[in-house]
Amino acid sequence: MPVNRLKQYIILVLVFFISASLFSAISVIKAQNNGSGKVVYVIPIENEVERGLEAFLSRTTKEAEAKGADHIIFEIDTPGGRVDSARQIAELLQDLELPTTSFVINQALSAGSYIALNTDNIYMKPQANMGASGVINQDGTAADKKAESAWLSAMKSAAESKGRDKLYAAAMADPSIDLPEYGAEKGKYLTLDPESAVKVGYSKATVQDRTEMLNDLGLSNATIIEKEPTISENIARFITNPVVVPILLSIASLGLIVELYSPGFGIPGIMGLLSLILFFYGHVVAGLAGMEAIILLILGLVLIIAEFFVPGGIAGLLGVASVVGSLIISGQDIGHMSMSIGIAFIVAIIASIILFKTMGMEKGFFRHIILKDQTSTELGYVSTVNRLELIGLEGVTVTQLRPSGTAILDDERLDVVSEGGFIQSNRPVKVVKVEGVRVVVREV
């Protein structure tokens, strides 16, 4: 074979292998850019931010890390919520070692914006917004200066930790910052729309849906695992809501008080116990109450029951203190729990007064511990025999009457009392009055 033809064959083979290698490399790169083989967890952050949400996010992010996820996307739609819970969630996000993205579906306000700032990327839908992160108390009033300062610092730190300009995070929490070009002139909290969020570098892009966002992240072919709260977590989130807690405790106290005035054990008692069980169940699932709270509750109930059989009142006071203590250590905030317990206590007092005035204490549990028997004359009980048949009888005094003494009346020796004066012995007398054991005579 000519040398030139051999060289041509070698060149063709080399070109073929080089082309195949390049094609394979391009395919691998393209697949990697589309996220093939990667796993993405999608976790919703919805409704109010509270300890129930914190427990849910803790469970799902730990699962994502354990299962080797490559990315976590948080789909946010929340009006905000508790600052302390938001701080715990932010700490959880900062500790994650895999990339995180916030996808603002509708709104990420207050604590919601703070959570979003603690993720690596932010995307927003066209109608979404984020910001308005001022701290307010549960009664709707502004928080004190100390709380505001701490929250402002947390907002700026969250923005800086992900390479964002802290000015806009500060404006979300501080109305004194003047940003009229973004509709947040002095006196207003900053709220960013999708266009403004992209402009200030907070949002990477405005997208129509999750598919468009995944494509922008290079994860269009990734395996998507969607997580939702379990039934237990949903119940816990509802029960630990600051509005629901006082209502639940009031129902518990009302049901148990009504049961005390009702014969047998019926619907009021069941409602009271179920409310109490739901309270502790929700707080245990949310991670607020531990076994110490349950043990304290059981001890308190035992002491209260023992009070009905052990005199003194000490057992009852210790029992009430144990139950109240178990409620307080189960709450997220001591102040709020104290207020909730106070409301339940007032409801119990009002119910007790109404039931006492309308039903008395002759029904229900009290009938077993209150003495109702009477030694009345109508029931045949008499303290002495009233001998009215003696009136008019005549007899003779045995002793002198000064004014009391002894006389014989109808052959019966009796203690008698003169009507007023002194009467010698062996004098005739007549019974003029009988008052129980007192027989009054007059000298004839």
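**View 1. Burial of Tyr168 in the predicted model.** Tyr168 is buried, with a relative accessible area of 13%; buried means under 20% relative accessible area, with a 1.4 Å probe and protein chains only. This is a predicted model, in which local features need pLDDT of at least 70, side-chain atom pairs count only at pLDDT 80 or more, and totals for chains, interfaces and linings use all residues. Residues are numbered from 1 along each chain as its sequence is written, and side-chain values use heavy atoms, with hydrogens and water left out.

**View 2. The pair of Tyr168 and Tyr182.** A search of the whole structure finds four aromatic pairs, a pair being rings of Phe, Tyr and Trp (its six-membered ring) whose centres lie within 6.5 Å. One of them joins Tyr168 and Tyr182 edge-to-face, at 5.7 Å centre to centre and 90° between the planes; edge-to-face requires planes over 60 degrees apart. Tyr168 lies in helix 6 (residues 166–173) and Tyr182 in the loop between helix 6 and strand 6 (191–192), 14 residues apart. Helices (H or I, at least four residues) and strands (E, at least two) are DSSP runs, numbered from the N terminus. Tyr182 is buried, at 15% relative accessible area.

**View 3. The pair of Tyr168 and Tyr202.** The ring centres of Tyr168 and Tyr202 are 6.0 Å apart with planes at 90°, so this pair is edge-to-face. Tyr202 belongs to the loop between helix 7 (194–199) and strand 7 (205–206), 34 residues from Tyr168. Tyr202 is buried, with a relative accessible area of 1%.

Note on methods
Rings of Phe, Tyr and Trp (its six-membered ring) pair if their centres lie within 6.5 Å; planes under 30 degrees apart count as stacked, over 60 as edge-to-face and the rest as tilted. Buried means under 20% relative accessible area, exposed over 50%, partly exposed in between (1.4 Å probe, protein chains only).
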